[in-house]
Amino acid sequence: MELLVNSVLLMLLVATAGALVVVRGLLASTMLTSVYGLLSASFFVTMDAVDVAFTEAAVGAGVSPLLLLLTVAAIGRGEPRAAGALPILAIVLVTITGALLIIGTLDMPPFGSADAPAHTHVAPRYLQLSGEEIGIPNVVTSVLASYRAFDTLGEVLVIFTAGVAVLLILATPGQRGSARPRYTPGSHSEPHTILQVVSKILIPFILLFALYVQFHGEYGPGGGFQAGVIFASGIILYGLLYGLPTVCRVVRPAVVETLAAVGVLLYGTTGLLAMLDGRPFLDYSVFAANPVLGQHIGILLVELGVGITVASVITVIYYAFANQFEMAEG
Amino acid sequence: MDVLSYFNYWVVVVLMMLGFFIVIARANLVKKLIGLNIFQTSVFILYISTGKVAGGAAPILTEGVTLYSNPLPHVLILTAIVVGIATTSVGLALVIRIHAAYGSVNQNDILQQDQQC
Amino acid sequence: MLSQLALLPVLLPLIGAPACAVLRRPTAAWAFASTVAVLAFVAAAALLQATARQGVIHYAFGGWAAPWGIEYRIDLLNAFVLLLVSGIAAVVLVASRASVWHDIAENRRTLFYVACLLCLAGWLGIAATGDAFNLFVFLEISSLATYALVACGRDRQALVAAFNYLVMGTIGATFILIGIGFIYMLTGTLNMADLAQRLPGLGESRTVFAAYAFIVVGVCLKLALFPLHLWLPGAYTQAPAIVTAYVAATATKVALYVLIRFSFSVFHLESSRLALSLEAVFISLGVVAVFAGSLVAVFASNLKRALAWSSIAQIGYMAVGVGIGTVAGVQASLIHLFNHALMKGALFLALAAIAMRVGGNELQALRGIGRRMPLTSAAIVVAGISLIGVPGTAGFISKWYLVTAALAREQWLLALLIVAGSLLTAVYIWRFVETAWLDQNPAQPATPPQEAPPLLLAGTLLLALANIYFGLDTRLPVGTAAGAAAGLLGDSAAGLLGHPPAPLPGAGAP
Amino acid sequence: MSAVLAILSGACLLLGSFLLLTGALGFLRFADFYARLHACGVTETLATALIILGLMLLSDSYLPPFKLLLILLFVLFSSPTASHALAKAAWNAGVRPRDNQGKRDLPLPAGER
Amino acid sequence: MNGAGLLFASLLLGPATVAGIVLLRHHPNLREGLTLAAGTALLAINLRILSALNAGTPPSWQSADLLPGLGLELAVEPLGMLFALIASSLWLVTTVYAIGYLRGHGETHQSRFYSFFALSITCVMGIAFAGNLLTLFLFYELLSLATWPLVVHAGTDRARHGGRVYLGVLLGTSILFFLPAIILTWATAESLTFTPGGVFGPSTPPALLAALLVLFVFGVGKAAMMPFHRWLPAAMVAPTPVSALLHAVAVVKAGVFTLVKIGVYIFGLDQLSGVASRELLLYLAGFSLLAASIVAMRQDNLKARLAYSTVSQLAYISLGILLAVPSGITGSGLHIAMHAFGKITLFFCAGAIMVAAHKTQVSELRGLGRQMPFTMGAFLLASLSIAGLPPTGGTWSKWYLLLGTLDAGALLLAGALIVSTLLNLVYLTLIPVRAFWPGGAEPAPAGKLQEAPLACCIAIGVTTAACLALFLFPQPLYALVSRIPGAGG
């Protein structure tokens, strides 16, 4: 049964990717990308990677199509062009890479075998000892926020960098304070009454759900990153329906920009506290005499930092993109 | 040990190649980014596939379950997904600026315009 | 404090970047970023001294022992690259103010310095880490920040250059990710030291081969080794002047470090059957890069573009050193890594100063610049002479070691090609010299001297003089590179040429 | 008891899946945009509800059915709204209902454009 | 490590002078005074070093290691001392000459001129006092670079083209041949220190030695061995004082000096005589010597003719080394000095003619003797010295060189030397003869006495006097040369 689901999903993925090769319109491509993200998220569920699936659903099927849509809105759908000559160079390169990949898989341990080195060397410790050492059921969160917490700090920094980069790239010359939207009175000619009403009901629950995901990440799938994305999507939904100026009055860009930095700093400071005590960076045992409790507190703080930064950066990026769209309109 | 045990990997290879092909062969910059996205996501699928243990459960410790899938690839891919979206957003920001500067997002048009001046 | 030293060079810019983002005034951001970079440099110098004294320094994040946690494992090689990158970054950032104020719009300046610090954090993180995946994460931090910095260039071509860089860089990073994935599947670990222990046990696995191939291709994309260099000329030429100096002297060096680290520490290239074929690949690609890069540079009409192509050529030299594959070869490569950073740092800083005064780096516009900006032009000549490899400069030391390494493997033709490459270098450097002093600019027949702003000039001269200093007192680069290369390839091979590695420098910093 | 529940749940799931299939069929076969939207929009809401109901019946503790209920609520809100948004966007973009063959626009009542 | 202060003084004087010149760039008189003072000081320093050498305590210095086991070294030995003395004394004279020439010619960028002149001389001192091949190579390359601004001084297209050829050949040969040869030597012998008797062990493969000798001879492009001589005529676009000091004395002599050093101190005469490729190079030198003379005859431009004459004379010196016999070395050592004084005089005269009579072609000089009797008289004496005839110093060096060919049993080469001497007479001595006795039916140009500026004349007088004096008193020079290991006879 599992094999069947697995194969069907893979076939659908191939079909979607194939369609993406053929389709030329940008809007259709965007939709297909979203489909691809959703399908891969489903595939991740069948592979037991629930946390990853959650993230991929939020990112692959959510944020990234949203950004693509905003871009397409700013630059236009672009008219489909006739296919040019057969890209021989591309085909050759792709074939070589593919052949190399196939060669690479030949000596790999078979799919799903429990005695593959990957499952016998480092990972067992996480599964066997994290219950005692960290004391939370979600092993992924344990590894993410404690064993490999430095990677996650890097991850937060990556998303922070993305925010900085987008602001830097989209900053309009002559405008004060980077790429922030201008505060113009609402110019939407047509109010989306139904959508607005429904969203008014839904947005509080979306934000509540984000908080749930944030603080429930130790027990089930979820965590700071997913929570941040969901929280930001609530804000974005508001912005889409009520217009950029309105959302900017509610959630001020300057505040969000500062919060993006604050999240990273929160993460960093959590690590620094251990250093002040003479212990390695990100050693959570400084927070409590009981090491397991210390881990709890540390993970909580760190995940909070992740959530704040992710939510802020995605909001910031949305602001910057939407601003470009409005400028293109105006 | 049969072909089936590698079936997953090979399908993933096909996915990667489709993504990689879009990146190289398509002249539209947005399409390039989409291809990049597909390429990266396919690599994620490869990683996650290797983390699967047949008969294992999701790595959330539960009473009475002893066999779990490998959590480490999951952690890595969580990070990698974030990297992917970060790259996509920076790339799209560039595309918007390029469109504003050139009036096109087609590589060939842009190349032509640059050669003219 | 000493126990935390291993982390400090990375941690400072890493925490400093978000802190800098909170600052509102660009001047404050500049001062803050410069201070952070200088402090990171001081920390790196102390770290180099510590590694030279007590050997490898381990640092386990979160108190989790490797391979379960992430570990920094700082040996001489790590410390050497950390010192170089932080040093160049410190000089460039301190000197950057005038040029940034000239090139970058007011509302971008703070973010610009945040991006610079993020870049620095990324590079230093790559150079320090002992974990393969952590390396990928920091690689992406630096790359993303670099794309944005390149896109800040004045012309619209900068955007296209940044986009191309982004696409190729991401393909490279993804390739590295694939390679790391393969070796993780085979070994179950991501820790480099652990990988190094477990990989040889696998024998001649095809997966290991594919993994190495993917990592090499990915790294070479970042390194811009011919023929994967396509992003570099555009990115270097179009980026804001200061960014070119910042990136050119550091980014490719870090990529080379990654190549060396994976080739010799993780995959043990020297003792595997892969070696023979890859040796030929690196050497031939390197030589082609030297000549192709130099030839294009000779005919470029824009000095900045010429020097960008020259970077491709110089990367070729480093690849040749890696390809030679002996202790001497790797040592030569590392020495050139160090010296080339000094040369290109000085050259691109000088070009930044010139771009401020003249408005560009077209050779046409540089006519008579030697009289208008005598000190800056002199700095270009000094660094250029070093690039050629004239004795008394750092470049000579690199060439010497490279040729010696080639001769020790009895590669006569290679040795000849290495020295012949410098002749082409002489041609494009001398084109500048003639333009700068023998030509008159008809537009401004008699412009009074108008030197670069003091800090920028000081930075340029500092790096230019460093080219001479390290051509005469070579203990730091040569000694460290010798120790690092011996550490990579095993001490047994250290006396390959009959010369024991020179004693390590007593002081870490000049 | 459990056998009855299993049968009930299976029936719900089957019915839900069937409805989805008809929706997909309609989406492919119908002539114009609004008809297609109608086909999948209407069936989807009921189909999802049935499937969720079927799943709720299968569960043996209290938490999962509660979560499923929340999802159901969310779908009940979002699905019709999404259909509405699509229809409105299409109308604003100038798409008009067409005849059975999808060849030409249908005449509109007076006062509509 | 004794007396290193003196060596440093001789090396640092140049940069210090440059700093002074830059500071005084708006005060020509002070600037030129400073240059003169520096020249005097350098000569004094070198005389001090000479006395230290004579006292048996030659100064020396070693730097920290630049490359493992290899650092910069300075040392004084007779040959280097000779070279340093010639260069520094002629710098003083040339400075006097240059003051007159540059002012008479109204040249621009005089500060740049004097600065790079001083730097070039510093590099020459570095070459002369180099204690190992690395140090020598360092200053050798710097000399190429420091003289380039002097070559392209005029800034015209012709000057640029000349500059490119100049730098291209000099850098090209040194990087392509000299540097690999040095590195090979280092890899083989593990020493680059100039050692009497050579550095190579007896077990060095002969093929390697043969290859090395070829690399060295071609690599030292400054020795202008054919076919790498093109830079020298090209360098003639420089102002005459540059041609006089650098391209008759300092640069070219640095080349042959390097060859002598390599022959004596890297190979050692015993080893050198056994090197397989020596014979080949010897005949190449012989060919170079004759061919250059023949080309010189066909040059109408005076400076070009002098340049080819230099190529020919340099081949004499190279030949002297390659003979690998004591008298050959002596001849080479002496000829470095004799040719220096003779050739610089000739260039001074050429410059004087250019300044006073604005003439550059040989064919225009007919009958000029009336107008410039002093200059033409000096020209006559100097050309005799080049040809090696009494009563001039050139006699001695030519004598020893001829002796060397006979010692080595190379009769063919002896013949070549004699033929070349005759050619010398034709293409050099004939010029002043025609100037004084135009002969034929042509009416003598109605010229009145119009000599070059006084400073030029003084310089010409000094060097001509030196040519004569060296004929009468060659002893001090010979004493120095005979102390070169392996020399004598």
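In the largest nonpolar core, which has 595 residues, the members that touch the most others are Ala165(A), Ala115(C), Ala148(C) and Ala162(C). A nonpolar core here is a set of buried Ala, Val, Leu, Ile, Met, Phe, Trp, Tyr and Cys residues joined through C-beta atoms within 7 Å. A residue counts as buried if 20 or more other C-beta atoms lie within 10 Å of its own, as exposed if 12 or fewer do, and as partly exposed in between, with C-beta atoms placed from the backbone. The model is a predicted one, in which local features need pLDDT of at least 70 and side-chain atom pairs count only at pLDDT 80 or more, while totals for chains, interfaces and linings use all residues. Residues are numbered from 1 along each chain as its sequence is written, and chains are lettered from A and ligands numbered from 1 in the order in which they are written.

Helix H15 of chain C (residues 327–358) supplies the largest share of this core, 23 residues. Helices (H or I, at least four residues) and strands (E, at least two) are DSSP runs, numbered from the N terminus. From chain A, domain 1 (1–78) and domain 2 (138–330) each provide at least three residues to the core; domain bounds come from an automatic or database domain assignment. Two residues are in contact if their C-beta atoms, placed from the backbone, lie within 7 Å. A second, separate core has six residues, among them Cys12(D), Leu19(D), Leu50(D) and Ile51(D).

The contact between chains A and C takes 53 residues from chain A and 54 residues from chain C. On the chain A side, the elements that give two or more residues are helices H4 (88–106), H5 (117–120), H6 (123–133), H7 (139–147), H8 (149–170) and H12 (253–276). H8(A) gives the most to this side, with 15 residues. By class, the chain A side has 33 nonpolar, twelve polar and eight charged residues, where Ala, Val, Leu, Ile, Met, Phe, Trp, Tyr, Cys and Pro count as nonpolar, Asp, Glu, Lys and Arg as charged, and the others, Gly among them, as polar. Chain D does not touch chain B, with 15 Å between their nearest C-alpha atoms, nor does chain D touch chain C, where the nearest C-alpha atoms are 33 Å apart.

Within chain C, Gly234(C) sits in helix H10 (residues 231–238). Gly234(C) counts as buried because it has 22 C-beta neighbours inside 10 Å. Residues up to four places away in sequence aside, Gly234(C) touches Ala161(C) and Asn164(C). Gln157(C) is 77 residues from Gly234(C) in sequence, yet their C-alpha atoms are 8.0 Å apart. Chain C averages a pLDDT of 87, and 93% of the residues score at least 70; pLDDT is the predictor's confidence in each residue, from 0 to 100. Residues 492–510 of chain C have pLDDT below 50, although this stretch has 45 contacts in the model beyond near neighbours in sequence. Where pLDDT is low, the predicted coordinates should not be read in detail.

Chain B has four helices and zero strands, in the pattern α-α-α-α along the sequence. The radius of gyration of chain B is 20 Å, well over the 13 Å that the globule rule gives for 117 residues, so the chain is more spread out than a compact globule. That radius is taken over C-alpha atoms, and the globule rule is 2.2 Å times the number of residues to the power 0.38. Along the principal axes, the C-alpha atoms of chain B fill a box of roughly 70 × 30 × 10 Å. Of the 117 residues in chain B, 68% are buried.

Chain D has three helices and zero strands. For chain D the radius of gyration is 18 Å, whereas a compact globule of 113 residues would have one near 13 Å. The C-alpha box of chain D is roughly 60 × 25 × 20 Å along the principal axes, and buried residues make up 12% of the 113 residues.

In chain E, Ala238(E) occupies the loop between helix H8 (231–234) and helix H9 (240–267). Ala238(E) is buried, with 26 other C-beta atoms within 10 Å.
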